[in-house]
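This briefing covers the salt bridges of one structure. Please look at the sequence and the model below before reading on.

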Amino acid sequence: MKKSNLWWSLGTMALGLLCFLGGWLLPASRPVGVLWGMGFGLLLNGLVQLFQYWKWTRPENAAAYAERRELEQIEFHDERNIRLRDRSGRYAYLFGLAVGVLALLVLSGLEVFGLAQTRWAVVFLGFYVLLQWLAGLWFYRRLKKQF
């Protein structure tokens, strides 16, 4: 495993700790919750990356890591998988466009009737990102079975 992975994980953890510190030092206000959430997410992500670096750099795992990297490279450069990734990405993109248009219609309707709230728009957009990711996975698996 590359040394840059170690530095990336340590940097992510440091950024998470800075967010925690910012949330702790700021007076109670709305950004404090965001800083605590970002700090926790970054710190946890850095810890997971650090654990993976530690696990795969141990001498007893060197052969398993080499085999894993070789299989990843074969899968990544396989022509069939490249084609499937391209098609699933296109389908997910088109699906995302349709959902985006519907979102604009719904949010515009809420605005017209005076029911629009920023909180619900953020929740909806978070759901949208999750939906895009799940759609990409579903299309990829479906195409993999088809071909």
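The side chains of Glu72 and Arg68 form a salt bridge, with an N to O distance of 3.5 Å. The model is a predicted one. A search of the whole structure finds three salt bridges, and the points below take them by location.

- Arg69 and Glu72 are three residues apart in helix α3, so about one helical turn separates them.
- Through salt bridges that share partners, Arg68, Arg69 and Glu72 are joined into one network.

**Exposure of the network residues**
- Glu72 has a relative accessible area of 35% and is partly exposed.
- Arg68 is partly exposed, at a relative accessible area of 38%.
- For Arg69 the relative accessible area is 35%, which makes this residue partly exposed.
- The partly exposed class lies between the buried cut-off of under 20% and the exposed cut-off of over 50%.

**Salt bridge between Arg58 and Glu60**
- Arg58 and Glu60 meet through their side chains in a salt bridge, with 2.6 Å from N to O.
- Arg58 has a relative accessible area of 31%, so this residue is partly exposed.

Technical notes
Residues are numbered from 1 along each chain as its sequence is written. This is a predicted model: local features need pLDDT of at least 70, side-chain atom pairs count only at pLDDT 80 or more; totals for chains, interfaces and linings use all residues. Side-chain values use heavy atoms; hydrogens and water are left out. A salt bridge is a side-chain nitrogen of Lys or Arg within 4 Å of a carboxyl oxygen of Asp or Glu. Buried means under 20% relative accessible area, exposed over 50%, partly exposed in between (1.4 Å probe, protein chains only). Helices (H or I, at least four residues) and strands (E, at least two) are DSSP runs, numbered from the N terminus.
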